[in-house]
Amino acid sequence: MVKINLGGCDSFVKNAEYQKYVEKALAAFDTLQGGQGAGNDFLGWKTLPVDVDEKLVLECEAVRDCWNAKGVDLVIAIGIGGSYLGAKCAIEALSHSFKEPRTRVVFAGNNLSEEYLAELMDLAEEKNVACIVISKSGTTTEPAVAFRIVKEYIEKKYGKAEASERIVAITDAAKGALKTLSTKEGYKTFVVPDNVGGRYSVLTPVGLLPIVVAGFDVRAMLKGAAAEMKELAARSADNAAVQYAAMRNLLHAEKGKAVEILVTYNPKLTFLAEWWKQLYGESEGKEGKGIYPASVANTADLHSMGQFIQEGSRVMFETVINVVNANRSVVIGSDELNLDQLNYLAGQHVNHCNAMAQLGTKIAHIDGGVPQMEVSIDRINEENLGAIFYFFEFACGVSAYLLGINPFNQPGVEAYKKNMFALLRKPGFEAQTEAILKRI
Ligand code: PA5
């Protein structure tokens, strides 16, 4: 379902070098599959495509149906990092780019912008509102702040009893402030499994519930992920995840390529890149190691970052998300006057122009010293999104083990929090407040 093409790296890498990294990737594959590596208590994501049962999907659909019956047309999904990017990615990819859907799912709690929340409340005023609040730990500041505001708004607008039917929480089975609050307020809750970390959680209720509420088919998504899971279980040099992990680590360690740019050619996939950046950045960027994950959205960024990629510091390689077929058809017409001089394109699909831009860019960037891999799906749909989510998660596990990193922790994200809490004068942080005030 997900195919990889390493042809764009041929002129940069000798076959013997690549084979050496395939061996390393196969050893990392064994570590992942054997459950022997660091962080092995967080491997629950590996079997989610077959572990998620029909009961859970039906529970998600029951929430959707209940809110539809109430006429809900705005669902505020509150969460940050892995508790939002997977759902955001899928909903952006599958939604009409311009039409207002029956139920619009918007996201909050992923920033601390006052304008953002005020404007969200402006929108809520015109809508029939429900909320999904998502936090595995149940203690993350950004979603907690947003939820306090949205909860108060919903309670004022609909009353406390009705609010408890319009708020669903997704959190730990037993611990955390969100769990305690949900129990007290009587919210329906879904559980984030203990053995699944945030950025690997798109196929848990964290991703599934918002995607279902937005009107999309998670059975197809799980089916695509399950097919990919089967495909990637084979220990082979032909395994696409092994190949991806081998090549990106080779380019990094042997060719000085410290930056990987995920390249998309469809605005619907911009958040696939955001999801991927979190997955790889948070999984691999530790102990002074890792490849910096960046992204561009072409062809728009060919008119901005294209210059740097073509001629700037030679530190990057590209991984292009190649979508073979468009789901819609738009053909360029002929014009009698041809003042725009585009009649040579008359009768062509816009997607053909996009494909030629992609191919032309590939050749130009290779000529400019930028190796390129392609990760292909046939078209954008639920099944292929499930497959690509699973592909990148699995490949990330292999790649991080190859690099000698625990892919499932994120010790570095705590540093800013301590300073922020000290500056916000959170009780218990008095000593840090004193220390930090001396530094500013
Ligand atoms: O991947 C991760 O673990 C993180 O990005 C978390 O998803 C993010 O920090 C949000 O955490 P929580 O769901 O506990 O609020």
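How do the residues of the lining of the largest pocket divide into nonpolar, polar and charged? I find 16 nonpolar, 13 polar and twelve charged; Ala, Val, Leu, Ile, Met, Phe, Trp, Tyr, Cys and Pro count as nonpolar, Asp, Glu, Lys and Arg as charged, and the others, Gly among them, as polar.

Ground rules first. This is a predicted model, in which local features need pLDDT of at least 70, side-chain atom pairs count only at pLDDT 80 or more, and totals for chains, interfaces and linings use all residues. Residues are numbered from 1 along each chain as its sequence is written, and side-chain values use heavy atoms, with hydrogens and water left out.

**Largest pocket.** I noted about 1,400 Å³ of space here, a volume being the space filled by probe spheres set on grid points joined across faces, edges and corners. A pocket is an open set of points on a 1 Å grid over the protein atoms alone, where a 1.4 Å probe fits, with protein on both sides within 12 Å along at least five of seven lines; lining residues have an atom within 4 Å of a point. Of the 41 lining residues, S135, S137, T139, T140 and K417 are the closest to the centre. Helix α6 gives the most to this lining, eight residues (helices are DSSP runs of H or I, at least four residues, numbered from the N terminus).

**Second largest pocket.** I noted about 980 Å³ here. Its lining has 31 residues, with N266, K268, A326, N327 and R328 the closest to the centre. The largest share, five residues, comes from α14.

Key
Helix = DSSP H or I, 4+ residues; strand = E, 2+ residues; numbered from the N terminus.
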